[in-house]
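This report covers a single protein chain.

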Amino acid sequence: MATTSTREDKEIRYIAFFDLDRTITKAISGRALAREALRRGLLKGSDLAVALYFGMFYRLMLADPVMIMVKMTGWVKGISQETLTDLCQEVFRKVMLPSIHPEVFEELKMHRENNALTVILSSSLVPMCKSVAEYLEMDDIVCSELEVKDGYLTGKPEGNLCYGDEKLVRLKEYCEKNNTTTADAWYYGDAIVDQPALSIVGHPVCVNPDHKLKRVAEKARIQPASRALV
């Protein structure tokens, strides 16, 4: 589990979890990273072809999405950890920062005033989530990590990617660690893969939901994003 910091100066009433891509930001971090890596010559044409191939399977739900995501992280093999961090910071400045939904600031302010921890819960990578969390002055991140050996990425994830059912697992663990309940927790998500996490919190919020999540949300009467966070 990757974290930034936690608040120890006050009693935590609950935790507000936010997905990153298409929830906090309009942009998709993985796609932006691949484009910047290609521009820098870090992503080979063959790696791009593999990513597009598996991306098609992902969109059409023709294979296990977790397996596909693991395959798509393979392009980082051989890149130094320092290079990946620099790449994420550059993408944050160029792409992610300008695409942050303005309404996010209001949501974060509301939760802080209610003595909540604000946490990014995302399948995105540690350096990317950390940059966004630090800019927004959020308390913590729970996200995906990549395996590193001798300072270089192996192309494999470190543990499970923070995606789908894994988000539910980590959300529960995080609430337990901070002595709060999932019944009091909030989760902001945008896609059907967020449904497991949305289903366990007392305050699920859909932000720009894809068509599958929108149908589920309407049936379950999950609230739309408050303060028009769309």
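## Aromatic pairs

Tyr-174 is buried at 1% relative accessibility, where buried means under 20% relative accessible area, exposed over 50% and partly exposed in between (1.4 Å probe, protein chains only). Phe-17 is likewise buried, with a relative accessible area of 0%. The model is a predicted one: local features need pLDDT of at least 70, side-chain atom pairs count only at pLDDT 80 or more, and totals for chains, interfaces and linings use all residues. Residues are numbered from 1 along each chain as its sequence is written, and side-chain values use heavy atoms, with hydrogens and water left out.

Four aromatic pairs turn up in a search of the whole structure; rings of Phe, Tyr and Trp (its six-membered ring) pair if their centres lie within 6.5 Å, with planes under 30 degrees apart counted as stacked, over 60 as edge-to-face and the rest as tilted. The ring centres of Phe-17 and Tyr-174 are 5.8 Å apart and the planes stand at 80 degrees, so this pair is edge-to-face. It links distant parts of the chain, 157 residues apart: Phe-17 is in strand 1 (residues 14-18) and Tyr-174 in helix 7 (residues 165-177). Helices (H or I, at least four residues) and strands (E, at least two) are DSSP runs, numbered from the N terminus.

Phe-18 and Tyr-188 make a stacked pair, at 4.2 Å centre to centre with 5 degrees between the planes. This pair also links distant parts of the chain, Phe-18 in strand 1 and Tyr-188 in strand 6 (residues 186-189), 170 residues apart. Phe-18 is buried at a relative accessible area of 0%, and Tyr-188 is buried at 0% relative accessibility. Together with Trp-186, Phe-18 and Tyr-188 form one aromatic cluster.

## Overall make-up

The chain has nine helices and eight strands. Of its 230 residues, 47% are buried. Its accessible surface (Shrake-Rupley method, 1.4 Å probe; for residues, only the protein chains shown count as cover) comes to about 11,600 Å², with 51% belonging to carbon and sulfur atoms.

Contact means heavy atoms within 4.5 Å. Among contacts between residues at least 6 apart in sequence, 64% join residues at least 24 apart. Gly-30, in helix 1 (residues 29-40), is partly exposed with a relative accessible area of 41%. Its C-alpha atom is separated by 9.6 Å from that of Met-72, 42 residues away along the chain.

## Salt bridges

A search of the whole structure finds eleven salt bridges, each a side-chain nitrogen of Lys or Arg within 4 Å of a carboxyl oxygen of Asp or Glu. In the bridge between Arg-39 and Glu-36, the closest N and O atoms are 2.7 Å apart. These residues are three apart in helix 1, and therefore separated by about one helical turn. Arg-39 is exposed at 56% relative accessibility, whereas Glu-36 is buried at 8%.

Glu-36 also meets Lys-94 in a salt bridge (3.8 Å, N to O). Since Glu-36 lies in helix 1 and Lys-94 in helix 4 (residues 81-96), this bridge ties together parts that are 58 residues apart in sequence. Lys-94 is partly exposed at 44% relative accessibility. Glu-36, Arg-39 and Lys-94 belong to a network of salt bridges that also includes Arg-40, Asp-86, Glu-90 and Arg-93.

Another salt bridge joins Glu-113 and Lys-109, with the closest N and O atoms 2.6 Å apart. Being four residues apart in helix 5 (residues 103-113), Glu-113 and Lys-109 are separated by about one helical turn. Glu-113 is exposed at 54% relative accessibility, and Lys-109 is partly exposed at 48%.
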